[in-house]
Amino acid sequence: MDEKIKGLNTICTHFGEIQDEQFKGAVSPLFMSTSYAFEDVDVKRYPRYFNTPNQVALSKKIAALEHAEAAMIFGSGMAAISTTLLAFLKAGDHIVLQKTLYGGTYNLVMEEFHKFGIEYSFTKSLEPEDFLAEIKQNTKVIYLETPSNPLLTITDLKAVAQIAKKHGLVSMIDNTFASPVNQNPIDFGIDVVLHSATKYMGGHSDILAGAVASSQEHMDRIFQLAKNFGGSLSDYTVWLLERSIKTMGIRVRAQNENAMKMAQFLYEHNDIHAVYYPGLESHPGHELAKAQMKGFGGMLSFELDKNLNSSTFQKSLRLIKSSMSLAGVESTVLSPTLTSHSLLTAEEREKQGIVDGLIRFSIGIEEIEDLIADIEQALESVKAKTTALQSNEI
Ligand SMILES: *Cc1c(COP(=O)(O)O)cnc(C)c1O
């Protein structure tokens, strides 16, 4: 039956599911066993071999969502990313990385790669020529992230994939921000797709998980290292993640719609200095995003008018929560300067266009009217405080 399933929400709901032959229940049964027979069986199963019934079932769903031959589920996004990178890089090899990277991936490269003797370069910009410019004799991998965190810049998937193919390199993408609902990089020639499933796949801010999807050949190579590194996910969480993904299509599409309305509202507002959202025509990556994404996503960033204090504004929000993470059904905001990009110097942040007052906004599924009302009351509150402060000064 699986092969006939093509539509996104049908894949989310059904693809790969385990039929409950015994009781005819509607959802996949959960097999919690960490111990399986080794005699008279076709597969020797063990959770750290990524091959329990629930792991295998969910991997099929994720592969189908990313138009890949195979997939694997990990205990976190970073477990998936670190294992995958090290499966393709050894001492003496070189990797080209996009300059704007998720903080955890950046730390992995900066803190660990020298111990393995792996060389790296960051691109100067997101232009495909700049990926090409960093390729050396010993380069093996090109790694990118689009849309990026926190300014939602867009990298040309097809152009970078072609550069990688031409030079015999493996191209990898962190597709977390887009989710498989909005972007399928394999369709543009990218080889390996990574996810922090903690984000849109989980979607409820209560699961830590990661995933990787690629060709069977690449997945075999990743598996060889993964079973030794031991980053697999426990079956109970695998089962919860399967449940979460059932609603991923409708959640993310609702988030796309809310984010577009929110971006337009902020863009037109006098108290907002700048809005970064690939769905806006004013965004430098808009045309590219239109060509390679199915939806513009639920993430945006914005800056208040220079006179208004960003931290006071964030503390004045009542419905929208402060959060280190993103992509839940609830709307949340974060200050990149104080969190994800706090390890960079002010100068490095400025180079990336991340000003101190920047606010990253993960849009949830609430009614847009309520979200806008919350932003409006917080703006009024911060303005009242700013005026009070100014009159005190005089
Ligand atoms: C959160 C995140 C990760 C890391 O995932 P964990 O599940 O926290 O290990 C990687 N990339 C991006 C873009 C993320 O947002």
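This is a predicted model: local features need pLDDT of at least 70, side-chain atom pairs count only at pLDDT 80 or more; totals for chains, interfaces and linings use all residues.
The domain assignment (automatic or from a database) gives domain 1 as 8-245 and domain 2 as 249-393. Residues are numbered from 1 along each chain as its sequence is written, and side-chain values use heavy atoms, with hydrogens and water left out.

Next I checked who touches whom. Domain 1 puts 37 residues into the contact and domain 2 puts in 40, with contact meaning heavy atoms within 4.5 Å. About 3,000 Å² is buried between domain 1 and domain 2, and carbon and sulfur atoms give 57% of that. Buried area here is the accessible area (1.4 Å probe) that two parts lose on being put together, summed over both. Leu151, Asn182 and Tyr200 supply 25% of what domain 1 buries against domain 2, more than any other three residues.

Then I looked for salt bridges (a side-chain nitrogen of Lys or Arg within 4 Å of a carboxyl oxygen of Asp or Glu). I got zero between domain 1 and domain 2.

Last stop, the ligand. Met78, Asp174, Ser196, Thr198 and Lys199 come nearest, out of 15 residues around the ligand (a heavy atom within 4 Å). A polar side-chain atom of Thr198 is 2.6 Å from a ligand oxygen. For Lys199, a side-chain N or O atom is 2.7 Å from an oxygen atom of the ligand. Gly77 uses a polar backbone atom instead, 2.9 Å from a ligand oxygen.

Definitions and conventions:
A polar contact is a pair of N or O atoms within 3.5 Å; within protein, one must be able to donate a hydrogen and the other to accept it, and residues adjacent in sequence count only if both atoms are side-chain atoms.
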